[in-house]
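Have a look at the structure first, then read on.

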Amino acid sequence: MTEPGRSARAGVPERPALDGIEDTWARRWQDDGTYAFDRSKARADVYSIDTPPPTVSGELHMGHVFSYTHTDTVARFQRMRGRTVFYPMGWDDNGLPTERRVQNVYGVRCDPTLPYDPQWQPPAAPVDDAARKNPTPISRRNFVELCGTLTVVDEQAFEALWRRLGLSVDWSLTYTTIGRAARMASQRAFLRNLARGEAYQAEAPTLWDVGFATAVAQAELEDRERPGAYHRLRFAGPGGREVLIDTTRPELLPACVALVCHPDDERYADLVGAVVRTPVFGVAVPVRAHPLADPAKGTGVAMVCTFGDLTDVTWWRELALDTRVVIGRDGRLLPEPPAGVPAGPYATLAGQTVAGARRAVVGLLADAGDLVGEPRPIVHPVKFYEKGDRPLEIVSTRQWYLRNGGRDAGLRAELLARGGELHWVPGHMRSRYEHWVGGLTGDWLVSRQRFFGVPVPVWYRLDDTGEPDLTHPLTPDESALPVDPSGEPPPGYDESLRGLPGGFVGDPDVLDTWATSSLTPQIVGGWETDPDLFGRVFPMDLRPQGQEIIRTWLFATVARAHLEHGVLPWRDAVLSGWILDPDRKKMAKSKGNVVTPMALLEQYGSDAVRYWAASGRPGMDLAFDPAQIRVGRRLATKLLNASRFALGLGAADALRAPATQPLDTAMLAELSGVVAAATSAFDAYDHTAALQATESFFWRFCDDYIELVKERAYGTGPGADSARAALATALSVQLRLFAPVLPFVTEEVWSWWRYGSVHRAPWPTTYEVDRAIGSAADAGLLRLASDALGQVRRAKSERKLSMKAEVPLAEALGPADLLDRLTLVADDVRAAGRIGRLDLLPGRTPELVIACAV
């Protein structure tokens, strides 16, 4: 590895260009270890970032470029401030998205009953639609191996794009959420949760995705508007009274366990405590009162079924109702009716899909005369798993849960307090955290009925009849982690006893992917495996992430760190906004309006794309705008050319020399203010404000200052020396101010005349700039000179003259004190404007006016 500070200066090329610099510098940075983390530094000198691991089951899009560029500007700024930056990259490769991608790419499905086939080879990918519709069954182990193979390919493509974008991560710190370190940390944390009573099993109503055949957690839900219909059903009340209810799910009639009305609804007060009978099935169910019943919805009385929605679960639990489950894990009605429901009418429903059962029940109701009127079409929100394409059902299953405050007021208060300790950027995002934590209705369901994930690290003894003892799970020693209970025996058992009476079985489930991703600080920081590293990076400084996963990744990480370590996992959380399409709609794969970045990076250059990304502040939405990317390209090109021009004047040899002329000191005084503004903005995670301050000054520096001093800089003597010294300081400072946003072009220019990497150079300070000012400075002189020169240029333009046209005479009118100050820069204005004679006429106008005789 080459010491970054020793690389030689390249010299100014004759024809500098942006094309190709990404490949050149990406290789150089890797070879030189420019962004390597120095683990010898004390914690106070470390800045650690909990980088989001992108899901490697698809393509990166402009939303990724947007948010990851923001984080990279922070890393580069902190590195230049003298911190050693712990900036890892992770790949989130376990879980449902990867499984679905493997199924689609290879046309396979996992069948855990099949034995492992070490000779099996996957088909050539991608397969055709016929193979996808009729997938080949393979063993769990073969399926998991295939998932691992495909994720490696995807990760290589992702890494190539991140390197092209110029992310300054330390690639030696890369991790995956299915890798050994992740499995060890995830299983260790789970076992400790179990030992402390924070993890537990329960048989309970569970949100179930039929398509993926797995349980789903509350944090993974989303509402989608779907068409439906209200059906009015007639229940038989006491004394022949009719009780009408409206429902969108008549197929759940055999699962009805009660009717519920509001306690204050006088229409049904006399029915509370009575019994009514369901239509078609004639099952007696009680009428109960509960405050969640809405008198204004439908008829004011609701049918409680086990289970139609989450409100049904609440009523069932709080009113201690019976359980009549009719929908199975496959999304079909169970073959046998629940206890107490007559088999005759149920027989037409058995084995039907939900939609088929709905049609059948409606027919039965119509035949019985208990369907009142016609169904009334509606559009209403329906619960979906965020990655699924079928409405969720609620089935009764046994699952693993992790306490998160949903049923523990004390823990909820502690986690809310943690949210108050965290520094949120922008600050209003804290309310989303508090709203989520305050609205939790249950603990975190962390088990999943899938295959490519971190296995739940427990086994169960089988009694003499072969039934598992679920209340006393067998657990491994932490030193044995990671383990796979589906392929390894528990301590004290031999594999030959698997599945036999008196033997054991492994828990077949895996942990929710968030149960692993919520431990990213621990995984990458070497928790329990590298105590020295962990002590230097944890708790971390920064968590950058999307606002939509506050409820999942951010909250879950806070909860895990609180339970295990008693601290916040990081000090600051910076939240990204959305990327919008030109019609101001959020970009999303489901909408088909996403833009992938590689073609843009190749067309405009990485710095131009990063410039667009940096134009959006944390938490603020940004429209995708190719015109803004073109502005970034123009800026990078100007930086290249202006630097070449300044260095061609001899600026490289004048670095650290004092500037003595009024215009030069004025420019540097203004630059000192820009340094202060940009530093303050970066400290506040406002990269946009830092860029705006720097870019605004840069264009004035190019368009005005360089034009004003170039004639003087070409000459000799104190005036020329001052100009070159000012140019050198200004160029050095501006390259470093731009470096976090435009890493490639700044590194390219830096290499022409400075040693080492600009990204290892110290961040500029006002002291550094002020030290280069050799005499008292009037910061407003540059703007005054720019104003005067601008008026001369405008006069030439109005007369359609070349900017190089001579002006024999110009008169400067204005207040006397203003013209006295103009006198200090008059020679530079005359030279830049090609003015033969400049007369100063004080007291003629209230402001500066340059009258040109051309």
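Nine of the eleven residues of S7 are buried, so this strand is largely enclosed by the rest of the structure. Buried here means under 20% relative accessible area, exposed means over 50%, and partly exposed is in between (1.4 Å probe, protein chains only). Bear in mind that this is a predicted model: local features need pLDDT of at least 70, side-chain atom pairs count only at pLDDT 80 or more, and totals for chains, interfaces and linings use all residues. Residues are numbered from 1 along each chain as its sequence is written, and side-chain values use heavy atoms, with hydrogens and water left out. Helices (H or I, at least four residues) and strands (E, at least two) are DSSP runs, numbered from the N terminus.

**The sheet around S7**

- S7 belongs to an open sheet of four strands, ordered S8-S7-S16-S18, with antiparallel pairing.
- At the edges sit strand S8 (214-215) and strand S18 (444-445), each of which pairs on one side only.
- Strands count as paired if DSSP finds at least two bridges between them.
- S7 (residues 199-209) and S16 (residues 393-402) run antiparallel and share ten bridges.
- To find your way along that pairing, look for Ala204, whose bridge partner in S16 is Thr397, and for Leu207, which stands opposite Ile394 in S16.
- As background, strands of a sheet pair through backbone hydrogen bonds, either parallel or antiparallel.

- S7 and S8 form a hairpin with four residues between them, and Ala213 in the turn has a positive phi of about 55°.
- The two strands are antiparallel with two bridges, and Trp208 stands opposite Ala215 in S8.
- Val210 lies in the loop between S7 and S8, where it is buried with a relative accessible area of 11%.
- What does Val210 touch, leaving aside its neighbours within four places in sequence? Val210 is in contact (heavy atoms within 4.5 Å) with Arg329, Asp330, Gly331, Arg390 and Glu393.

**H17 against H18**

- Every one of H17's nine residues is buried, so the helix is largely enclosed by the rest of the structure.
- Helix H17 (residues 606-614) packs on helix H18 (residues 626-648) at an angle of about 125°, with the axes 7 Å apart.
- Those axes are lines fitted to C-alpha atoms, for helices over the stretch in contact, and angles run from 0 to 180 degrees between N-to-C directions.
- H17 and H18 are therefore oblique to each other; angles under 35 degrees count as roughly parallel, over 145 as roughly antiparallel, 65 to 115 as roughly perpendicular and the rest as oblique.
- On the H17 side, Asp607, Ala608, Val609, Tyr611 and Trp612 meet Gln628, Ile629, Val631, Gly632, Arg633, Leu635 and Ala636 in H18.
- By class, that contact has eight nonpolar, two polar and two charged residues; Ala, Val, Leu, Ile, Met, Phe, Trp, Tyr, Cys and Pro count as nonpolar, Asp, Glu, Lys and Arg as charged, and the others, Gly among them, as polar.

**H10 against H15**

- Helix H10 (residues 409-421) meets helix H15 (residues 550-565) at an angle of about 110°, and their axes are 10 Å apart.
- H10 and H15 are therefore roughly perpendicular to each other.
- Leu411, Glu414, Leu415 and Arg418 in H10 meet Phe555, Val558, Ala559, His562 and Leu563 in H15.
- The residues of this contact divide into six nonpolar, one polar and two charged.
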